[in-house]
Amino acid sequence: MYLLLVTTLIGIAVSWMVATIVRNRAAVSKLKDQLTNFNVIPALPLIGSAYHFKDSTSEGMFATFTGFHRRYGRSLIRQTLFNFPSMQVCDPKVIEQIMQARTIEKSIIYEFTIPWLGTGLVVSTGAKWVQRRKIITPTFHFKILEDFLVIMNHQTDVLMDNLQKVANGTDFDMYEYAAHCALNIVCESAMGVKLNTQQQPNLEYVMAVKEITDIIIKRLFSFLREHKWAFKLTKAHRRQKELVKILHDFAYKVISERKKQLQDELARLRTQEQLEEENVYGKRRMTLLDLLLNVTIDGEPLSDTDIREEVDTFMFAGHDTTSSCISLADAAIQQCVYDEIQTVVGPDAKTCELTYSTLQNLRYLEMVIKETLRINPSVPIIGRRSAGDMVIDGVTIPKGMDFAIMIHSLHNDPELYPEPSRFDPERFSEEASEMRQPYSYIPFSVGARNCIGQRYAMLEVKTILVKLVANYRLLPCDERNKLRIKTDMTLKPVNGAFVKIVPR
């Protein structure tokens, strides 16, 4: 009886599997016939396109993912377990259709971040997202960003002092220095709390971010990614729980410290006054965390969990993406940047307080940053999923289709950017920018859900690069430390972003 039951269950499972594979392969074939500009990545029954991913490291998976476009084209149909179809694209015209579709939502990779980031601004949808975006937007108004420059200048000066001990012409990893500087800036400006991690590095938080993002990206490529119960049986799940505790404890510590600072009744009254619209957009600085601690929705304050979600989100996005951009900046064109700094800022650029207007006048530096983000976009892949039927190239795409928008492949497409590996800031001159095809340059995403902090990030990167180039001459690293990149939600160096520096 038991043997008969087991045999029956196996028979049912095999029948379901065969029927699912046949149905999905037929769906792939139909999509290929209808979408004439799409190509199908070769796949096998059951495992789909997964057999291409022979190197399971983050570096290897990213190389395979981007390599598909060099081998098979801009718009691709990929097959996951049981040959379920999904799409990965780097064609600007297709990206535009996806991002403008009213039925589009974020894909499964963002669900994997929920244990850590909750349903904050990056992950939330619908009314909650609209509500949170409306609450948070004022903290990134340009007048408030001007006030943040005081913090950016100070923390950058600390970074310059710290770099003195490695300014001896030998290789060192710039990423770690940039990460701690960016973490200090985002904590003090957005949270109102001084961490001093440049003087006393908090390696636990930075390393926890690295490790948990690596777990998340590996889940994305897992055979069983759609089945959460399977992940709960793994060692990675147990480790993720430990990492989430480290990250949440850090966020709650930041929130607790800011609450203590606001306990004084006079400070509370002052904070309430600042919440008036004319003051939020005026000269007084209101941090993101202050807003979250004082705002009410339907007469109720945000819960500690609600606040922690946004703190976690901005701590991660605010330090991780910025430090990637700073550490991956190309050293070859620094003389032109230095000359512009001397002209615009002046001979005291090493130590002077940089202002908003001064940084806005550094046109060539901005072109350099944009070219850095073209070659190595901080977020190289974004995911979307159709929440309802949508149309691409006149063809109806069914609900549930996953899209990987390959920003890195888009930005390194030789048809859009001839000699894409050549660092050329002139690609972002005013004339070249006017001629650029829409949706061919999207380092901060695009559309309603673009990066809310992109002006903040640009201001921070400019401040650090001005002081860095003014104080030090950058030299290329040894061949053995040549840059290798990977992705674990953001683009990162595999073994570090090495460079040599010497004082000017």
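Let's start with S445. At 18% relative accessibility, S445 counts as buried, because the cut-off for buried is under 20%. This is a predicted model, so keep that in mind throughout. S445 sits in the loop between α20 (430-435) and α21 (454-471). Its phi is positive, about 65°, and yet S445 is not a glycine. Most residues other than glycine have a negative phi.

Buried or exposed, or something in between, for C451? C451 counts as partly exposed, at 33% relative accessibility.

Now to N83. N83 has a positive phi of about 65°, and N83 is not a glycine either. Look for N83 in the loop between β2 (75-79) and β3 (85-89). N83 is buried, with a relative accessible area of 0%.

Next, a helix. Helix α9 covers residues 203-220, which makes 18 residues. From first C-alpha to last, α9 reaches 26 Å, close to the 26 Å expected at 1.5 Å a residue. Its buried residues include Y205, V206, I212, D214, R219 and L220.

On to charges. Side chains of opposite charge can pair when their charged atoms come close. How many salt bridges does the structure hold? There are 29 salt bridges.

Take K210 first. K210 forms a salt bridge with E176, with the closest N and O atoms 2.7 Å apart. That pair links distant parts of the chain: K210 is in α9, E176 is in α8 (174-191), and they are 34 residues apart. K210 counts as partly exposed, at 23% relative accessibility.

Then K228 and E111. Their closest N and O atoms are 3.8 Å apart, and they form a salt bridge. K228 lies in α10 (228-231) and E111 in α4 (108-111), so this pair ties together parts 117 residues apart in sequence. K228 is partly exposed at 48%, and E111 is partly exposed at 32%.

Now a pair within one helix. R374 and E371 meet in a salt bridge, 2.7 Å from N to O. Why can they meet? They are 3 residues apart in α18 (363-375), so about one helical turn separates R374 and E371. In an α-helix, residues three or four places apart point the same way. R374 counts as buried, at 0% relative accessibility. E371 is buried too, with a relative accessible area of 0%.

Last, a network. Salt bridges with shared partners join K128, R132, D306, E309 and E310 into one network.

How values were computed: Residues are numbered from 1 along each chain as its sequence is written. This is a predicted model: local features need pLDDT of at least 70, side-chain atom pairs count only at pLDDT 80 or more; totals for chains, interfaces and linings use all residues. Side-chain values use heavy atoms; hydrogens and water are left out. Helices (H or I, at least four residues) and strands (E, at least two) are DSSP runs, numbered from the N terminus. Buried means under 20% relative accessible area, exposed over 50%, partly exposed in between (1.4 Å probe, protein chains only). The expected span of a helix is 1.5 Å times one less than its number of residues. A salt bridge is a side-chain nitrogen of Lys or Arg within 4 Å of a carboxyl oxygen of Asp or Glu.
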